[in-house]
Amino acid sequence: DMRQGAGRGDGQAMVEFALVLSVVLALLLGCTQIGLYALTRGTAITAAERGIYIAAGAAGSPTGPPATADVYPGIRAELQSGLVGATPAPMAPVDGVCPALSASWPVGIVYVCSVAHPAAGTVEVAIRGWVSALVPPGFGLGSWRTGALAINIDDVVHSAVFAP
């Protein structure tokens with residue numbers, strides 16, 4: 001009967017369509033994820049650089065300490081507008097050091113930490129955290145956490161005081 005043959009062909013086409021659609025959808029989401037991650041990472045790098053300038057250049061006097069407390073308020077709006085899948089939050093240094101990225105931190109929060117190291121004459125701004133992922137982990141973007149991609153930016157500059 002001709003109807004049975006046509007029905008089987010339609011079923012086979014539907015299965016093939018479902019298989020191809022899943023591959024195309026994974027590729028589409030993967031490309032979108034790479035673009036969003038590049039945007040988010042670029043925003044974090046730019047914000048860290050701006051934070052360094054704020055900390056090193058906004059001291060109360062030429063011989064005053066770096067203004068690390070001004071970093072988060074100075075870059076918060078930039079991070080809020082450019083982080084995709086996360087929101088910024090301040091983080092205090094622990095024993096004079098910005099904490100390293102931890103798998104225990106919640107997904108969707110990117111922390112901003114700034115600290116001055118007077119003995120070394122440096123100022124550090126760290127932007128670290130986890131952004132939500134559209135595709136499964138292990139897509140080649142350096143994530144080691146399920147459903148999240150790492151943002152781990154660390155910027156350090158030497159501060160100098162010029163006296164007349």
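This is a predicted model: local features need pLDDT of at least 70, side-chain atom pairs count only at pLDDT 80 or more; totals for chains, interfaces and linings use all residues.
Biologist: What should I know before reading the model?
Modeller: Local features need pLDDT of at least 70, side-chain atom pairs count only at pLDDT 80 or more, and totals for chains, interfaces and linings use all residues. Residues are numbered from 1 along each chain as its sequence is written, and side-chain values use heavy atoms, leaving out hydrogens and water.

Biologist: How many salt bridges does a search of the whole structure find?
Modeller: A salt bridge is a side-chain nitrogen of Lys or Arg within 4 Å of a carboxyl oxygen of Asp or Glu. Side chains of opposite charge can pair when their charged atoms come close. The search of the whole structure finds 2.

Biologist: Which residue forms a salt bridge with Arg50?
Modeller: Arg50 sits in helix H1, and its partner is in helix H2, 28 residues apart. Helices are DSSP runs of H or I with at least four residues, strands are E runs of at least two, and both are numbered from the N terminus. The closest N and O atoms are 3.1 Å apart, and the partner is Glu78.

Biologist: Is Arg128 buried or exposed?
Modeller: Buried means under 20% relative accessible area, exposed over 50%, and partly exposed in between (1.4 Å probe, protein chains only). Arg128 forms a salt bridge with Asp154, with closest N and O atoms 3.2 Å apart. Asp154 is partly exposed, at 41%. Arg128 has a relative accessible area of 9%, so it is buried.

Biologist: Which side chain makes a polar contact of 3.3 Å with Glu124?
Modeller: Glu124 lies in strand E3 (residues 122–132). A polar contact is a pair of N or O atoms within 3.5 Å; within protein, one must be able to donate a hydrogen and the other to accept it, and residues adjacent in sequence count only if both atoms are side-chain atoms. The side chain that joins Glu124 at 3.3 Å belongs to His117.

Biologist: How far apart are the end C-alpha atoms of helix H2?
Modeller: Helix H2 covers residues 71–82, which is 12 residues. The expected span is 1.5 Å times one less than the number of residues.
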